[in-house]
Amino acid sequence: MKGGTVQISWHESKPILTLDFHPLSATLATAGADFDIKFWSIKPSGTQKKLPAVSYLSNLSYHSSAVNVLRFSASGELLASGADGGDLIIWKLHSTDTGQTWKVLKMLRSHHKDILDLQWSTDATYLISGSVDNCCIIWDVNKGINLQTLDAHAHYVQGVAWDPLGKYVTSLSSDRTCRIYMNKPHKSKGIEKINYVCQQVISKAEQPLLKNSTATKYHLFHDETLPSFFRRLAWSPDGSFLLVPAGTYKINTASESVNAAYIFSRKDLSRPAIQLPCASKAVVAVRFCPIFFKLRGRNSAGLFKLPYRIIFAVATLNSLYIYDTESTSPIAILAGLHYAAVTDITWSSDAHYLALSSQDGFCSLVEFENGELGIPFSLSEGNVSANDSKCTQQTANDTVIGPTGNISTVVAESKKMEGKVDDMVIEASGNIGAITAESRKNETLKKADDMIIKSAWNIADSRKNEAEEKTDDMVIDASGNVEGIMTDSRKNEAEEKADDMVIEKTGGVSATELDSIKIEAEDKTEKQLQSSGSVNSGTEDNAEKQFTNPDGKQTGAKAKTEKQQSSLDGIKLCQEKAEKQLCTSTTTPISNKPAKKRITPIPINP
């Protein structure tokens, strides 16, 4: 196997939005933003290391807008192309003397907006298309009429698929739903007409896909923010299972989403049977190889109960995975081929080539050597029994092992991703915790400010009570050594004046200064208690009169200047000091005090 990007001017360096191989030859058709459909011949290069040789054949210029999808019919005689604006053209192959040429057969007009995907029925009688107008339309190609419009989606229809057994049609939308419609024909005037009725709406997982996950509901598909206009889904060639892109699932409720493609068994289309985890980019397209291969017998515990191997490709925005139904891990993974998003993938009819297109204006080709994918399986060779010859119908009902079976490597890979996702969740939860702590901190500070304001009056009352108690103690002690008290009172008075000056200049006192003043006051009180002798009741009366006299400050000032030697004046000075402490504690604004130090903010659970 070898592959790479073919460096030629495909569509004048404009985005290539779709491509498809002709079912009977190695002719590749491409289309994109230059409005043209071009045909290319793909041939082996002849050397082992070189890519296949690509040569230009012809082009079709009829569309007046970007071509988003083109598909050949199974017979190769018809080609359908859908473009912006709702244009849908059916081309027919004509043989001439000079060769073959494509001509417009019909123009189907019913969509109002861009057509993003389309798919032929097996017999090329019908066609289904999906559009930006949120609708799917089933067309009668021979008559060129709209048979039925399916308008249940709430957003763009980005992928459609036709069941090869003719029972279902499927659509995938950016409204995060996959709808499966069943054909329930009804007769009108003796003529049986198709009538597709919605049977399943797949949106959320109702139970865990893995054993170690918790039961919860979550969306199975990406929303409209997926950076692609395409979600190209497909049925397997035998109709046994449906492969759906744009998946996103969670291992558990705490983990992040993992990109995936889902496999739905025909037996149960209500939920995924298997998820195929992919890399960091979303899956945008899937495509099946048109050839079946014989079993290799290497894996007895496969995911599928089939007498043959089916190979399919899964394309993400930037990589390509190749799987088969016999193994649980990819056959090959190709990445880093393009600088822009992958838009479409296709297999050649002989399974020798796999091509993918990109918005960077280039296409990549993967070439497989003879026998590299396996030995082709054919019912006509007589290599299988009569029971196996009916495998197309039998395996349609029982093909894929359920999710409770042995998912082996797929589960192991999912668990590896689970470990990585858990690390991401832990990191994310740490960030969330930091943000929550910060918000709680801000909320606590706000509440602490409210507590400071509310508790201001309580603090003032407590300081007033302390001042009154100190005053009583000082008045009681004044009957002892009067001269010692006078000296201490003058000293304290000078310190208080200095403190008042600091408060007036700075608007507040630090917690250290308050503590030091409090300690000095307590020490002096103890000394005064030790030096006190007796209690003078007259002194208490004078102290009480001083508190009731509004002019106490002026009287105290006169007493200091006139009679500093008398014991009565000393007592008055003590009383004046106590009164000044009381006044200072009651009249100083609470906002100037460092009250925040006294209140410890408590975290509050929001």
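**Ground rules.** Residues count from 1 along each chain as its sequence is written. Since the model is predicted, I kept local features at pLDDT of at least 70 and side-chain atom pairs at pLDDT 80 or more, with totals for chains, interfaces and linings using all residues, and side-chain values use heavy atoms, leaving out hydrogens and water.

**Repeats.** I checked 150-181: 53% strand, 0% helix, with 9 Å between the end C-alpha atoms. Helices (H or I, at least four residues) and strands (E, at least two) are DSSP runs, numbered from the N terminus.

**Sheet.** I traced an open, antiparallel sheet of four strands, ordered β14-β15-β16-β19. Its edges are β14 (157-162) and β19 (196-202), each pairing on one side only. Pairing takes at least two DSSP bridges. I found five bridges between β15 (168-173) and β16 (178-183), and L172 sits opposite C178 in β16.

**S236.** I found S236 in the loop between β22 (234-235) and β23 (241-249). Buried or exposed? S236 is buried because its relative accessibility is 0%; the cut-offs are under 20% for buried and over 50% for exposed, partly exposed in between, with a 1.4 Å probe and protein chains only. Leaving out residues up to four places away in sequence, S236 touches P164, F241, F288 and I310 (contact means heavy atoms within 4.5 Å).
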